[in-house]
Amino acid sequence: MARAAIPGGLSARRAWRPGRLLERRVESAGATTLILDVTDWPGHLPGQHVDVRLTAEDGYTATRSYSLAAPAEGDRVELTVQRVPDGEVSPFLCDDLLLGDAVELRGPVGGWFVWRPDQPGPVLLLAGGSGLVPLMAMVRARPADGPPFRLVYSVRQPDDLIYREELAAVAGTGGVDVRYVFTRRTSGDGAGSARRAGRLRAADLDGQGWGPADAPTCFVCGPTGFVEAAATILASAGHDAARIRTERFGPSG
Amino acid sequence: MQSSGDGETDLPSGPPGEAAGPLGEAAGPPGEGGRGTAAWDGNLLAGPLSEVFAVDVTTAVGRCRGCGARSAIATLRVHGPQPGLVGRCPGCDDVLLRIVRTPDAVWLDLGGLTSLRIPADG
């Protein structure tokens, strides 16, 4: 399943090139999607990411990595950025970067945490917080007649949800099952879960068609604590380690 | 990745400072000092390693010199980015690789790996 060849080619992948902000879309109080125009973007696979570099007037640079949120569409690239309090880069990207201004991008990079649409088999997606972003790229890349997907999305409380309407819409079509886990506070408005607040647990992953015998490919993404806990649940449930791919998004808050 | 160190004979080791890691940015364990649960993993190395390698290395399987475990580079426990990125063995926590970017060089230490198996088409 692991392959080294990914789109971009040698020079395309190494270069830093400008991405111009076309549009900004607020996803939640804490997250904003940036739609960038990147000339001659080579395309990308769902799950890949880019490095974004900002350079200050004095030459100081800060580089951060962000997952591509949506399938490739010509030169149009979407990133969803979670605003980190006192962060050097994310508050600028979320709030201050002006339409028409550019940031430097390197990518797409990453061949491990990737779902290729021609891969067979069901897909189990476990998202912690902003770890949903690369998994949403996979959901958005899934063809209508594609394999079954299950997304289990864990956030502290309903206000932290991103892509809420889109997930509600896709969950209503065939083939994609979406479950929410609220770790701190549920809303009681039936936002997808009648379960009491609490961390992800084995019962959240139960269900016909999603056991180890069904051999789903499992993608887990979120803060490191979430990834460890979720991967442990999968392994304990008997899922084949070779079918579990993880991406750690940073320290657990 | 930010420059650090003086570019002399060994890997530069700038001041620890705040590890404002890439994805998510929240302060994590400083540089190599923090031995707690690593905030990042080898997926983060894809961009920096792309300056050096012609193919994606995160899908390569590396063998740990310390414990012999074979792990995909993407699964390494990664600390940093100050003073550089350090990838540790998921099995025994030994340092497998380090990468540091200075203004005129990429410093790469792969000494913790005895081998790297990189998938390649026939």
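Residues are numbered from 1 along each chain as its sequence is written, while chains are lettered from A and ligands numbered from 1 in the order in which they are written. Because the model is predicted, local features need pLDDT of at least 70, side-chain atom pairs count only at pLDDT 80 or more, and totals for chains, interfaces and linings use all residues.

The model scores ipTM 0.91 and pTM 0.87. Over residues 1-34 of chain B, the pLDDT is below 50. Beyond near neighbours in sequence, this stretch has 105 contacts in the model. Two residues are in contact if their C-beta atoms, placed from the backbone, lie within 7 Å.

Chain A holds an open sheet of 5 strands in the order S9-S8-S7-S10-S11. The pairing is parallel. Strands (E, at least two residues) and helices (H or I, at least four) are DSSP runs, numbered from the N terminus. Two strands pair if DSSP finds at least two bridges between them. Strand S9 (176-182) and strand S11 (244-248) of chain A form the edges, and each pairs on one side only. Neighbouring strands of this sheet are turned by 10 degrees against each other on average, direction ignored. Strand S10 (residues 217-222) of chain A pairs with S11(A) over 5 bridges, in the parallel sense. Opposite A:Phe219 stands A:Arg245 in S11(A).

Helix H3 (residues 132-141) of chain A lies across strand S7 (123-128), strand S8 (149-155), S9, S10 and S11 of chain A. The helix runs at about 150 degrees to S7(A). Axes are lines fitted to C-alpha atoms, for helices over the stretch in contact, and angles run from 0 to 180 degrees between N-to-C directions.

The largest nonpolar core has 85 residues. Such a core is a set of buried Ala, Val, Leu, Ile, Met, Phe, Trp, Tyr and Cys residues joined through C-beta atoms within 7 Å. A:Leu79, A:Leu125, A:Leu135 and A:Phe219 touch the most other members. H3(A) gives the largest share, 7 residues. Domain 1 (9-109) and domain 2 (123-248) of chain A both contribute, so the core lies between them. Domain bounds come from an automatic or database domain assignment. Sequence neighbours within four places aside, A:Leu135 contacts A:Leu125, A:Ala127, A:Leu151, A:Phe219 and A:Cys221.

A:Glu78 lies in strand S5 (residues 76-82) of chain A. A:Glu78 is buried because 23 other C-beta atoms lie within 10 Å. A residue is buried if 20 or more other C-beta atoms lie within 10 Å of its own, exposed if 12 or fewer, and partly exposed in between, with C-beta atoms placed from the backbone. Not counting residues up to four places away in sequence, A:Glu78 touches A:Thr33, A:Ile35, A:Leu68, A:Ala69 and A:Ala70. The C-alpha atoms of A:Glu78 and A:Asp37 are separated by 8.9 Å, with the two residues 41 apart along the chain.

Chain B contains 1 helix and 10 strands. Of its 122 residues, 49% count as buried. An open, antiparallel sheet of 5 strands has the order S3-S6-S7-S8-S9 in chain B. Strand S3 (40-41) and strand S9 (105-109) of chain B each have a single partner strand, so one side of each is left without a neighbour in the sheet. S3(B) and strand S6 (residues 77-79) of chain B run antiparallel, joined by 2 bridges. B:Trp40 has B:Val78 in S6(B) as its bridge partner.

Notes:
pLDDT = per-residue confidence, 0-100.
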